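I am keeping these notes for a reader who is new to the structure. My entries follow the order in which I looked things up.

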Amino acid sequence: MNFIAPLLAAGLLLTACARPEPIRLGFLGSLTGRSSDLAEAARNGAMLAIELRNVAGGIHGRTIELTVRDDAESSETAAKAAAELSASGVMAIIGPITSSMVIAALPAAEKAKVVMVTPTATSMQLVGQDDYLFRINAATRDYARAYADFHYRVTGLRRIAIAMDVRNRAFTQSWLDEFRPAFTALGGEVTTLVTFESADNVSFATVTDDLLKSRPDGLLFVAGTVDVVRLAQQARRRSPELPLVAVEWAASEKLHELGGTAVEGLHVVESYDRSDRSARYSEFVAAYRKRFQSEPGYTSVNAYDATTVVLDALGRSRSGQGLKQALLASGPFDGLQQTILFDRHGDTTRKGYFVTMHKGRFEPVR
Amino acid sequence: MKRAREWRLRTVLMVLLALGAVATLTALLLVGGALLLWQQPKIDQNNVAQVRREAAQLADRMEILLGGLQRQMEVAAALLARAPHEARGALFEALTGAGQPFDAVYLAGRDGIVEAVSLRPQSSMHLGELVGSDLSANRLYRAAAQRKTPVWSDKFLSALSGDVAVGIAVPMGNGVLIGELPLTELLGALQIAIRDPRLSVWIIDRRGELVAETGSEGKLGPVNLLGVPVVQAALAGDLLPNNITIGGEDFYPAVAQSTLLDWFFLVRMPAGLNDPDVRANTLLVVGGLASSLLIGMLLSPVVAGWMSQPIRAITARARQIAAGQTFEGWPRGPISELNALSVDLETMANHLRDRQDQFRAVFNASPLPMAVVDAAGGNVMVDINEAWGLQFGRSRELTVGRSAGDLRLSSHASEFAAASHDALQTGERIEVWLLDEDRSPLLCEFAARPVAIEGKALAIWVIRDITAKKQTEELLRANNVLLEGVTRAQREFILDTDPRRGFDRILALLLETTASEYGFIGEVLLEPDGTPYLKTHAITNIAWSDETKDWFEKNAPTGLEFRRLKSLFGAVMTTRQTVIADDPAHDHRRGGVPPGHPPLLKFLGIPFFHGDKMIGMVGLANRAGGYDEAVTRSLEPILATCSSLVLAYSLVRERKLGEEKLRNALAEKEVLLKEVYHRVKNNLQVVSSLLGLQSRRVVDSSAKQLLDDGANRVKSMALVHEQLYRVGNLSSIDLREYLKQLTDNLSNVNRPLSTRVMLRLHAEPVTTGVESAIPLGLVVNELVSNAYRHAYAADAPSGSIVVRLSGSPEGQVCLEVRDDGCGLPTGFALEKLNSLGLQLVETLAQQLRGTLTWDTNAEGTRFLLRFGVEAHPTYLQRS
């Protein structure tokens with residue numbers, strides 16, 4: 001038995017010399033399909049946060065590794081991908097991007113007790129729940145009421161016709177349910193609601209015609225980027241001067257590239273201040289441009305914040321403390337532009353900024 | 001000292017062989033590993049060169065494949081530019097028709113507005129809605145419009161289809177013709193271009209986005225690859241590393257850039273064990289080595305067994321010798337040392353066997369049963385001698401190897417095990433009950449001594465059967481107990497005032513001797529018509545209720561009477577035979593028991609006789625094993641005693657009856673006698689009264705005197721009879737009481753003189769018969785009367801007459817009558833007197849067989865009468 005001791009010693013030495021196991025995080029988003037622009041920007045934000053943290057030495061000497069999965073805008077795929085990510089040993093999942101995908105993926109993460117931090121989802125269905133979901137964005141109620149107030153008071157809209165995509169109903173219905181009573185309470189009127197399910201076969205001309213029949217003084221698109229572009233193009237052909245408003249979901253950096261002049265003058269809300277000139281934000285933008293050769297969007301900023309929050313919580317967590325407890329207990333966290341502090345349900349607040357597309361760029365509303 | 005651990009020879013050989021095999025294979029592995037390390041740089045170099053070659057060729061092939069599509073678009077643009085407006089539609093449709101790779105082809109005019117669109121026939125999009133869309137901001141459109149050359153796009157989100165795709169934009173006049181190629185189409189082309197199946201390819205666009213990928217999905221997923229060092233090195237034109245790690249796996253990398261497409265082709269070939277060929281070869285070698293090792297391991301026991309076989313054969317023989325088995329010959333083999341060992345062991349075994357035979361002869365010669373026992377191993381029989389076999393009726397073969405428990409040496413195995421253990425520890429002899437082959441109990445004297453045989457701690461048991469001796473002692477003791485009990489019962493019967501205690505003791509003895517629960521001893525009596533019935537002299541109190549308890553306590557002391565002949569005890573009385581009932585509940589002679597009566601499970605009734613007369617019976621109940629003739633016989637001495645006691649009891653009873661009758665007759669006689677005395681006294685009283693009346697009528701003083709004297713004499717006799725019937729004792733008189741009444745009477749009669757001459761009595765308590773009392777009373781009457789009459793003058797002022805009576809224990813009575821009067825005349829002599837009184841005194845003294853003396857002077861006279869009475873406590877005693 002004398003040969004066992006040297007073997008054990010050698011084994012311990014090798015273990016001691018081995019590189020520490022990386023901390024693994026997952027990303028889940030719709031990287032193919034009509035919302036892939038938002039998901040790709042979010043993935044880039046998460047990657048940037050991780051790469052910068054790794055350059056800075058990781059967490060307690062451990063590097064961070066990101067595993068990316070595409071939910072293809074399918075509930076089944078989202079649930080399966082979340083289960084696979086959980087089973088692969090990730091500490092947290094950043095994503096998904098849309099509320100419907102969050103609702104589809106959450107049970108698998110919940111079952112595996114893996115924290116899921118969605119950078120963007122706002123549906124009221126996800127608010128106030130004691131689960132493993134943490135939300136970086138504000139709630140639909142906040143945005144919808146802000147929209148109602150802004151457009152009633154600032155842009156002066158009184159009669160709004162709404163086109164709503166029911167494919168992401170978890171978000172859109174929630175948004176509508178909050179907006180309509182708020183706008184009506186102010187004295188506004190929703191002249192009509194036209195729903196459609198985002199797909200190739202939708203006739204956006206028909207949808208637009210239906211909207212215009214109610215003779216509104218503005219159109220509100222509760223839909224994603226591609227569908228808003230298609231709706232805007234149809235609307236501009238029929239009523240070039242009619243004010244167009246889109247929900248925050250459509251506030252993609254690709255909006256102009258996809259919509260061209262059709263989206264000129266479109267009002268949206270963004271969850272970050274693109275006019276921010278602070279050093280931290282400027283460094284982020286510069287690093288993003290260099291790394292991805294594109295402009296960061298709101299999903300990039302939110303995903304960067306979501307990832308930073310997770311990494312900070314992991315760094316601050318005490319021995320034996322789960323990530324969920326660490327996220328709840330070790331805040332507040334420094335986001336790029338806002339301080340993030342979760343309530344006991346993993347919800348937080350986030351300030352919105354109204355912008356308008358002007359000459360191919362989003363410009364803040366002064 | 002710590003003993004070194006032992007191993008079996010075969011095991012040691014097997015381990016050594018196995019270790020040899022492992023060492024050999026380890027050496028092979030080390031050598032192989034060293035060779036591999038030496039060759040590794042060359043292998044790496046070759047693989048890197050190969051993967052770079054493949055990457056360059058792949059880029060070329062993809063350029064060829066996609067370049068064809070580009071040329072197709074260029075030709076189409078040229079045709080469309082020249083075609084009449086009406087012919088454009090058909091041409092457009094042809095671009096997305098069957099077999100074409102494009103999902104959509106559209107023409108954007110100078111201002112970026114879509115002028116014409118062609119979709120796949122199966123597309124469900126509303127074509128008309130797409131025309132007019134503004135693509136002026138579209139990156140691909142702008143690049144082609146600016147460069148005026150065909151441009152391939154990065155991966156992009158199509159505003160028209162909403163899908164992620166790549167596109168080729170070809171300038172067409174002032175506009176741009178754009179074809180959208182689905183990523184699946186690109187992947188198909190890529191798979192065609194790859195020749196080596198080991199290769200995995202990432203096509204990366206200018207922004208680092210993954211356009212297409214072959215091989216299994218990367219662990220990292222669809223990440224942006226611009227940050228991967230190898231891509232950065234390729235972009236910077238730096239030398240690529242020979243080896244990269246992606247997702248924890250090693251690859252040989254190569255990057256080729258397509259100038260046509262402006263994409264990078266990152267080609268990876270698995271390195272080390274990730275390479276399927278390397279993995280297969282490694283598995284083959286490792287499998288081969290493992291198989292060799294396995295075969296070596298499997299063969300090592302066989303070879304070890306073959307090598308150790310001669311030793312094992314010798315060991316087996318030695319073990320057989322140790323176990324006392326016989327066999328023919330010791331093994332011989334090809335190894336001379338082992339043969340010599342075999343011969344030596346054979347010689348040693350023969351010596352051992354001779355000594356063993358000697359010991360066995362001595363062992364078997366012992367008359368006492370002996371056994372060698374493994375006491376620590378559960379009392380397993382190691383050996384027994386012949387005496388043991390005879391004692392317990394089992395042969396040595398049937399005994400050895402089995403435990404005392406298995407052999408059922410004792411009916412109480414655990415107690416016997418504990419007792420034998422104690423005997424072994426203490427060295428003392430003990431008595432134990434063992435069982436022979438027929439399960440008959442044997443009382444044995446048991447001794448155990450520790451012995452060490454062949455290094456093993458064993459015990460020798462020696463036993464001696466003392467059953468017969470013990471039985472004799474027990475019988476003697478039982479008889480002594482019985483005899484003592486019977487003797488005691490008889491003595492108590494004789495001495496005790498209550499003879500029933502003797503019966504109680506006999507009954508207790510019967511219950512104890514027979515181990516019965518309850519029983520009785522009864523006398524058989526006869527009704528006037530001759531019917532027998534039972535009267536108990538002793539019975540167990542089995543009262544089962546308050547009512548029966550009261551009844552028992554009230555009647556048992558005088559004996560309970562049972563008259564029901566239709567019963568088990570009745571059968572004894574009617575048949576005069578012993579009755580044994582093993583199942584009383586179903587016995588035809590049964591009479592049943594009242595509700596609540598303790599269960600009657602067994603019954604024995606035995607009659608006992610005086611001559612031919614049945615005078616009693618004994619009843620016993622509930623002996624555990626029932627009753628039989630042997631029990632009945634054992635009770636014969638007690639039954640004889642019962643018979644004697646019942647007979648004696650009946651005689652005593654008869655004697656007491658006689659005494660009672662006599663007492664009654666005596667009482668009747670006493671009553672009669674009292675009546676007689678009463679009447680005599682009354683008659684004498686009447687006579688005395690008549691004489692007194694007569695005297696009062698007589699004038700003549702002498703006559704009067706005579707009558708008074710007569711009355712006094714009669715009175716004195718009447719007082720005796722009165723005393724007799726009053727005191728209750730009809731045959732004796734208390735003289736002191738009698739004389740007191742008599743002197744009181746005399747004092748009364750002699751008034752008024754007696755008021756001055758005092759008559760005093762000093763009498764001791766003397767008792768005598770009536771035959772002495774009457775004469776004595778007459779003597780006192782005469783002497784006192786004479787003193788009053790003659791010793792004092794009629795007017796004498798004072799005087800004293802004293803009557804004194806005393807008695808001695810010898811029966812002598814002394815009566816003294818003294819006065820202080822004038823004294824007797826000179827020359828006084830009784831015989832000369834003419835006085836009837838004094839003559840009467842003389843006569844009475846003679847009647848009493850006494851002596852009368854007197855003396856007299858001027859100061860008075862004293863008479864002394866001494867007489868004897870029979871020395872009988874009743875007749876003479878001091879109270």
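I looked up the neighbours of A:Gln321 and found that, leaving out residues up to four places away in sequence, A:Gln321 touches A:Ala326 and A:Ala329, where contact means heavy atoms within 4.5 Å. The model is a predicted one, in which local features need pLDDT of at least 70 and side-chain atom pairs count only at pLDDT 80 or more, while totals for chains, interfaces and linings use all residues. Residues are numbered from 1 along each chain as its sequence is written, chains are lettered from A and ligands numbered from 1 in the order in which they are written, and side-chain values use heavy atoms, with hydrogens and water left out.

I then placed A:Gln321 in the loop between helix 11 (298–316) and helix 12 (323–329) of chain A. A:Gln321 counts as buried because its relative accessibility is 18%, the term meaning under 20% relative accessible area with a 1.4 Å probe and protein chains only.

Next I turned to the two chains, where the contact takes 38 residues from chain A and 34 residues from chain B. Chain B and chain A bury about 3,000 Å² between them, with 45% of it on carbon and sulfur atoms; this is the accessible area (1.4 Å probe) lost on being put together, summed over both parts.

Last, I looked for salt bridges (a side-chain nitrogen of Lys or Arg within 4 Å of a carboxyl oxygen of Asp or Glu), and the count between chain B and chain A is two. A:Arg43 and B:Glu209 join their side chains in a salt bridge at 2.3 Å, N to O.

How values were computed:
Buried area = accessible area lost by both parts, 1.4 Å probe. Helix = DSSP H or I, 4+ residues; strand = E, 2+ residues; numbered from the N terminus. Buried < 20%, exposed > 50% of the residue type's maximum accessible area, 1.4 Å probe, protein only.
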